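Thanks, everyone, for making time this morning. I would like to walk through some side-chain contacts and a few loop residues, so please keep the display in view while I talk.

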Amino acid sequence: MSTRALLDTHSFLWFIGGSERLSPRARTLIEARENPILVSVAGLWEIAIKNGIGKLALDRPFAELIPEQLERQQIGVLGIELRHLDALTRLPQHHRDPFDRLIAAQALTEEVPVISVDPALDAYGVQRLW
């Protein structure tokens, strides 16, 4: 049975970078081709911002690395829809990170778990896989 899931930003980066910080369970879920895996455009935006201001180093330019990895790893991009933003307006202020809050709103709206090490997402009732 397949598990459709949304990657948190760090999980996406750790997966494409081959980091050992990614849990074995998370890696297995992402690598299983029968599992439709998504990354939020909000996470990609976060990567672009942090790379642009020097807080995140990438091995290659964003415009080369990210599209290549999305295609190679068969990871879909979840766009931001009005219904996601509506859900965001109703989320309690448990967490101040705007990217994480939007990813939580998307996960709740899409009814998908998030592959994440971040327990802050638990406060929103998001199903977190790790």
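**Charged pairs and loop residues**

Let me begin in helix H4, which covers residues 62-72, where Arg72 and Glu68 are separated by about one helical turn because they sit 4 residues apart. Please keep in mind throughout that this is a predicted model. Those two residues form a salt bridge, in which the closest N and O atoms are 3.5 Å apart. A further set of charged residues, namely Arg4, Glu81, Arg83 and Glu110, is joined into one network by salt bridges that share partners.

Staying with Glu68 for a moment, this residue also forms a salt bridge with Arg60, and here the closest N and O atoms are 2.7 Å apart.

How many salt bridges does the structure hold? The count is 9, and the one I would like to turn to now is formed by Glu110 with Arg4, whose closest N and O atoms lie 3.5 Å apart. This pair links distant parts of the chain, since Glu110 belongs to helix H6 (residues 98-110) while Arg4 is in the segment before strand E1 (5-7), and the two are 106 residues apart. Is Glu110 buried or exposed? With a relative accessibility of 14%, Glu110 counts as buried, whereas Arg4, at 36%, is partly exposed.

Next, a buried polar residue in a loop. Asn35 is found between helix H2 (24-31) and strand E2 (37-40), and its relative accessible area is 8%, so it is classed as buried. A polar atom of the Asn35 side chain lies 3.0 Å from the backbone oxygen of Leu29.

Finally, I would ask you to look at the backbone of two residues. Gln74 is not a glycine, and yet it has a positive phi of about 55°; its place is in the loop between H4 and strand E3 (75-78), where it counts as exposed at 53% relative accessibility. Glu111, also not a glycine, has a positive phi of about 55°, and this residue lies in the loop between H6 and strand E4 (114-115). With a relative accessible area of 72%, Glu111 is exposed.

That is where I will stop, and I am happy to go back to any of these residues on the display.

Technical notes: Residues are numbered from 1 along each chain as its sequence is written. This is a predicted model: local features need pLDDT of at least 70, side-chain atom pairs count only at pLDDT 80 or more; totals for chains, interfaces and linings use all residues. Side-chain values use heavy atoms; hydrogens and water are left out. Buried means under 20% relative accessible area, exposed over 50%, partly exposed in between (1.4 Å probe, protein chains only). A polar contact is a pair of N or O atoms within 3.5 Å; within protein, one must be able to donate a hydrogen and the other to accept it, and residues adjacent in sequence count only if both atoms are side-chain atoms. A salt bridge is a side-chain nitrogen of Lys or Arg within 4 Å of a carboxyl oxygen of Asp or Glu.
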